[in-house]
Amino acid sequence: MTLDKFRPYISKFLDPFVRGFDRVGMSPDGVSVIAGFVAITAGFAFYLGGVAHPVWYAVGAALVFLNGWFDIIDGALARAQGVSSPSGDLLDHVLDRYADIVIIGGLAAGVGDYWLGFLAVTGVVMTSYLGTQAQAVGLDRVYGGLVGRADRLAIIGIVGFLAYPLESFDAGGLSLVGWLLVFLAVVGHLTALQRFFYSWSALE
């Protein structure tokens, strides 16, 4: 079960923001780019949380939630303006993947565990890839599985906030952020495999 399925139910909360962006002449692509810059800032904040002061983890967490909010708004704005297009969808997905890489890269660099970071990033990227590859071979885009992007951002944000007061947490030689990377790696690859087998079965 993923949070992505609840997107239609929050549309009424988006209306004031959508109208505001539309009023100032912001395009959906512009919102997507802003979300990308927010993600880069979040990744850098997470890095600082590991090497400078743990309060930066809370800053990074807030920015992750902001990135997720912008990621919802850009699609709603495109529909409101009647400008939904394949090029906009492409830009949104490319920026989302870079956002995932930068955010997880910042977490891994902050704790100095690049191997876990590699496993987490590949799991996340493969999850997203399998979701869109299903569409490329004639199926509907797949959002299911253990953890979707909305779930992932929510978990990263929550753990980011907890990492500040729980900076001394250590279990099995890993900090809270280290265990977050383990979770993202394991669940990411499992979700990717779920999507693969679902698509494979649908094509037979």
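Predicted model: local features only at pLDDT ≥ 70, side-chain atom pairs only at ≥ 80, totals over all residues.
The largest cavity has a volume of about 50 Å³, and the second largest cavity has a volume of about 40 Å³.

The lining of the largest cavity consists of Val124, Thr127, Val147, Arg152, Phe183, Leu184, Val187, Gly188 and Thr191. Two helices, α5 (114-136) and α7 (176-203), each contribute at least two residues to this lining. The greatest contribution comes from α7, which supplies 5 residues. By residue class, the lining of the largest cavity comprises 5 nonpolar, 3 polar and 1 charged residues.

The second largest cavity is lined by Ser32, Ala35, Gly36, Asn67, Asp71, Asp74, Asp92, Leu95, Asp96 and Ala99. Elements providing two or more of these residues are α2 (28-51), α3 (55-81) and α4 (86-111). Of the contributing elements, α4 gives the most, with 4 residues. The lining of the second largest cavity divides into 3 nonpolar, 3 polar and 4 charged residues. Among the residues lining this cavity are Asp71, Asp74, Asp92 and Asp96.

In summary, α7 is the main contributor to the lining of the largest cavity, and α4 is the main contributor to that of the second largest cavity.

Conventions. Residues numbered from 1 in each chain as written. Heavy atoms only, no water. 1 Å grid on protein atoms, 1.4 Å probe; cavity = no way out; pocket = protein on both sides within 12 Å on 5 of 7 lines; lining within 4 Å. Points joined across faces, edges and corners; volume = space filled by probe spheres on them. Nonpolar A, V, L, I, M, F, W, Y, C, P; charged D, E, K, R; others polar.
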